[in-house]
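Hi there,

Here is the structure I promised to pass on. Have a look at it first, and then read on for what turned up.

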Amino acid sequence: MKKTVTDSYVLSNGVKIPCLGFGTWQSPPEEAAASVRHALLAGYRHIDTAAQYGNEPDVGRGIRESGVAREEIFLTSKLWNDERGYDTTLRAFEKSLKNLGTDYLDLYLIHWPAAPHRFSDWKELNGSTWRAFEKLYRDGYIRAIGISNFLPHHLKPLLETCEIVPMVNQIEIHPGMLQPEAVKASEEAGMLIEAWSPLGTGRMLKNESLIALAKKYGKSAAQLCLRWVLQHDYLPLAKSVTPSRIEENMDIFDFTISDEDMAYIDAMPYFGGSGFDPDKVDF
Ligand SMILES: NC(=O)c1ccc[n+]([C@@H]2O[C@H](COP(=O)([O-])OP(=O)(O)OC[C@H]3O[C@@H](n4cnc5c(N)ncnc54)[C@H](OP(=O)(O)O)[C@@H]3O)[C@@H](O)[C@H]2O)c1
């Protein structure tokens with residue numbers, strides 16, 4: 001089991017990825033820079049952003065202001081939905097590098113699959129986007145490539161045409177939302193599961209059962225959720241712009257949730273989440 005925030009998972013291509021990531025979705029520019037800086041100074045070494053978050057320049061600034069060397073940091077960004085396709089992906093990637101002020105990424109993800117409800121040629125579109133990812137990876141600009149929000153039926157055609165199997169699938173996971181089919185299909189193909197919104201964007205933290213269970217371990221509901229993700233061998237991405245919470249969320253390596261309590265959390269029914277269904281979203 002992981003013992004510190006810098007312990008790593010190993011991706012299928014041998015690249016190490018620190019086991020707790022720091023999220024930046026909905027962090028406005030100033031807060032994004034300050035929170036990334038604080039997270040790095042506190043000890044996080046894995047930052048997750050995306051072109052769509054509109055804060056890549058600020059994330060880059062936070063990294064530089066922290067004084068932590070770029071090569072000590074695992075940095076992820078994502079291709080937004082209006083940039084799919086081979087040439088547009090190559091251009092979007094270059095823009096992300098420029099915005100972040102770096103000359104490589106540790107991980108680049110397709111943010112959402114092109115899906116049948118919006119594109120008749122969704123399989124070809126995901127395939128051509130992925131070919132650009134493979135080129136950037138082969139050319140040495142990205143250390144690992146992956147996908148996000150891909151369900152088994154999006155994944156299957158991609159696996160049939162890809163030359164390099166994605167190393168990561170980043171999906172929504174929190175108590176009440178385990179996505180077992182997506183996890184199974186991704187893990188069987190050798191991918192690491194990254195859990196986005198592990199706190200349900202804060203929704204989990206008001207749940208009385210989780211609060212009571214966390215108390216038993218002398219921990220907060222947030223810490224319980226993040227530890228639960230880790231004990232599933234998934235990688236939690238926790239977001240906060242609040243210094244005390246940033247520190248609280250990395251203090252999850254000194255306790256173990258019992259098998260019985262893991263099963264209890266696993267069995268919790270759905271009680272809220274983003275509501276973003278990859279087969280229904282209109283973005
Ligand atoms: N691939 C995708 O499609 C996708 C989608 C969504 C998210 N993500 C990634 O996953 C990351 C995490 O997801 P998320 O942003 O939805 O958030 P989250 O980590 O599930 O929850 C963050 C929310 O909880 C609050 N919070 C954090 N720690 C807390 C604590 N210890 N006590 C009380 N409240 C706490 C934060 O408030 P403050 O910030 O005000 O402190 C914020 O409102 C994102 O930032 C992003 O990097 C990816």
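**Helix packing, barrel and ligand**

In this predicted model, helix 2 (residues 56-66) and helix 3 have axes that come within 7 Å of each other and cross at roughly 45 degrees. Angles from 65 to 115 degrees would count as roughly perpendicular and those under 35 as roughly parallel, so helix 2 is oblique to helix 3. On the helix 2 side, the residues that meet helix 3 are Glu-56, Pro-57, Val-59, Gly-60 and Arg-64. Their counterparts in helix 3 are Ser-96, Asn-99 and Leu-100.

Helix 3 (residues 86-100) also lies across three strands: strand 5 (74-79), strand 6 (105-110) and strand 7. Its direction is at about 135 degrees to strand 6.

Those strands belong to a closed barrel of 8 strands, which runs 3-4-5-6-7-8-9-10 with parallel pairing. From one strand to the next, the twist averages 30 degrees. Ser-148 has Gln-170 in strand 8 as its bridge partner.

The axes of helix 7 (residues 208-216) and helix 8 (residues 221-231) come within 8 Å and cross at roughly 85 degrees. These two helices are therefore roughly perpendicular to each other. Helix 7 contributes Leu-210, Ile-211, Leu-213 and Ala-214 to the contact, while helix 8 brings Ala-221, Leu-224 and Cys-225.

Now for the ligand. It is surrounded by 29 residues, and the closest are Asp-48, Ser-197, Thr-201, Ser-240 and Thr-242. In Asn-149, an N or O atom of the side chain is 2.9 Å from an oxygen atom of the ligand. For Lys-239, the distance from a side-chain N or O atom to a ligand oxygen atom is 2.8 Å. Arg-245 likewise places a polar side-chain atom 2.8 Å from an oxygen atom of the ligand. How much of the ligand does the protein bury? Taken alone, the ligand exposes 910 Å², and the protein buries 89% of that.

Best wishes

Note on methods:
Residues numbered from 1 in each chain as written. Predicted model: local features only at pLDDT ≥ 70, side-chain atom pairs only at ≥ 80, totals over all residues. Heavy atoms only, no water. Pairing = 2+ DSSP bridges. Helix = DSSP H or I, 4+ residues; strand = E, 2+ residues; numbered from the N terminus. Axes fitted to C-alpha atoms, helices over the stretch in contact; angles between N-to-C directions. Contact = heavy atoms within 4.5 Å. Near = heavy atom within 4 Å. Polar contact = N/O pair within 3.5 Å; in protein donor to acceptor, adjacent residues only side chain to side chain. Areas by Shrake-Rupley, 256 points an atom, 1.4 Å probe, with all protein chains shown as cover. Parallel < 35°, antiparallel > 145°, perpendicular 65-115°, else oblique.
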